[in-house]
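Have the model open as you read.

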Amino acid sequence: MNHTRANTNKLWQSLIQPTQQKLESIEIRRPKTARFVCRVIPASCPFERDIRFFDRSLLHVPPLCKLNPFYEQLVLLRMKSLTYLAQACSQGMKNCC
């Protein structure tokens with residue numbers, strides 16, 4: 001049974017790792033691209049919610065973004081975009097997103 005789990009993990013990594021590396025290798029070279037990335041990738045996890053009924057909190061849905069296998073690469077890409085806009089375009093980060 002452990003052998004099957006190890007093979008599944010290796011297969012999973014072999015499928016995900018190339019995409020992770022591709023995301024990490026993206027360079028931001030244009031202000032339009034940087035603004036697009038900032039608009040598409042949210043600054044905080046959009047899935048975190050409090051489910052309320054009247055004034056009572058019934059359920060809290062935790063931020064699930066960290067379960068995404070590309071979470072770190074997407075956050076890095078957003079940071080690259082913000083850095084590009086702040087340095088190369090002399091724009092404040094608030095003007096970007």
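## Helix α3

Helix α3 is 17 residues long and spans 24 Å from its first C-alpha to its last, close to the 24 Å expected at 1.5 Å a residue. That expected span is 1.5 Å times one less than the number of residues in the helix. Helices here are DSSP runs (H or I, at least four residues) and strands are E runs of at least two, numbered from the N terminus.

The buried residues of α3 are Q73, L77, R78, S81, L82, Y84 and L85. Buried means under 20% relative accessible area, exposed over 50%, and partly exposed in between, with a 1.4 Å probe and protein chains only.

## About the model

This is a predicted model, in which local features need pLDDT of at least 70, side-chain atom pairs count only at pLDDT 80 or more, and totals for chains, interfaces and linings use all residues. Residues are numbered from 1 along each chain as its sequence is written, and side-chain values use heavy atoms, leaving out hydrogens and water.

## Q20 and its contacts

Q20 belongs to helix α1 (residues 2–25), and counts as buried at 16% relative accessibility. Beyond its neighbours within four places in sequence, Q20 contacts P69, F70 and Q73 (heavy atoms within 4.5 Å).

## The disulfide

Searching the whole structure turns up one disulfide, meaning a pair of cysteine sulfur atoms within 2.5 Å. C45 and C65 form the disulfide, with S to S at 2.2 Å. C45 sits in the loop between α2 (31–40) and β1 (49–53), and C65 in the loop between β2 (56–61) and α3 (71–87), so the pair ties together parts 20 residues apart in sequence.

The torsion about the S-S bond of C45 and C65 is about 85 degrees, so the disulfide is right-handed. Both C45 and C65 are buried.
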